[in-house]
Amino acid sequence: MISINPTEQTERENYKLLIGSIIPRPIAFVTTHSEDGVLNGAPFSYFNIVSSNPPMVSLSIQHAGDKRKDTARNILDNKEFVVHIVDRENVEQVNQAAANLPPEQSEISMAGFTPVDSLNVAVQGVKEAKVRMECILEHHAEFPGCDMFIGKVVQFHLDDRIYDQGRIDPGKLDAVSRLAGSSYATIGELFSIERPR
């Protein structure tokens, strides 16, 4: 087995080890509003569940050089955002929205997404996602080179094709996960293992 001390590597070398080993990673497509009301959208794979009571999700956004990205700045300014689950049907549009645009340009319109109003936050979501979560900022922590956000989910929106008796069908959701480089994966084979009591 190879042993590597992260303090003896560059940030990029550590990044490659992390994204190559912590797989698959769910992808959040996050919409926010800028100060000028521009609807911003960007994907992030440093994303997961924090709690179910109350429902909360985490989102880590790396800095671009020494500056915050538009999404992080918008969340801090407005305390609201919408998280969408990336699936096989919308992943191409999400990838287009990852382009580096100036803050006054909307990735949503550039990628051909359809904005849809939210119920409990001012930020719009996109119609093309099968799962949409309206979030308010619960907690923010700044670390060297990144911002960590905890969002409290205040409204779920679910495509009725994937929802049945309180559960989401993973096959019908067809979520896409992030691997390393330009590689992505779908759910693939499903199997069950009973938990010990």
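Tyr 163 counts as partly exposed, because its relative accessibility is 41%. The model is a predicted one. In this model, Tyr 163 lies in strand S11, which covers residues 163-164. Tyr 163 also belongs to a nonpolar patch on the surface.

Glu 35, Asp 36, Asp 77 and Glu 104 form a negative patch. Take Glu 104 from that group. Glu 104 sits in a loop. On one side of the loop is helix H3 (91-97), and on the other is helix H4 (107-110). Glu 104 counts as exposed because its relative accessibility is 56%, and the cut-off for exposed is over 50%.

Now turn to the cysteines. The structure holds zero disulfides. Cys 135 is in no disulfide. The nearest cysteine sulfur to that of Cys 135 belongs to Cys 146 and is 18 Å away. Cys 146 is likewise in no disulfide, and its nearest cysteine sulfur is that of Cys 135.

What about their exposure? Cys 135 is buried, because its relative accessible area is 0%. Cys 146 has a relative accessible area of 11%, so this cysteine is buried as well. Both values fall under the 20% limit for buried residues.

Key:
Residues numbered from 1 in each chain as written. Predicted model: local features only at pLDDT ≥ 70, side-chain atom pairs only at ≥ 80, totals over all residues. Heavy atoms only, no water. Patch = residues over 30% accessible without salt bridge, like charges linked within 9 Å, V, L, I, M, F, W, Y side chains within 5 Å. Areas by Shrake-Rupley, 256 points an atom, 1.4 Å probe, with all protein chains shown as cover. Salt bridge = Lys/Arg side-chain N within 4 Å of Asp/Glu carboxyl O. Lys, Arg positive; Asp, Glu negative; His and termini not counted. Charge placed at Lys NZ, Arg CZ, Asp CG, Glu CD. Helix = DSSP H or I, 4+ residues; strand = E, 2+ residues; numbered from the N terminus. Buried < 20%, exposed > 50% of the residue type's maximum accessible area, 1.4 Å probe, protein only. Disulfide = S-S within 2.5 Å.
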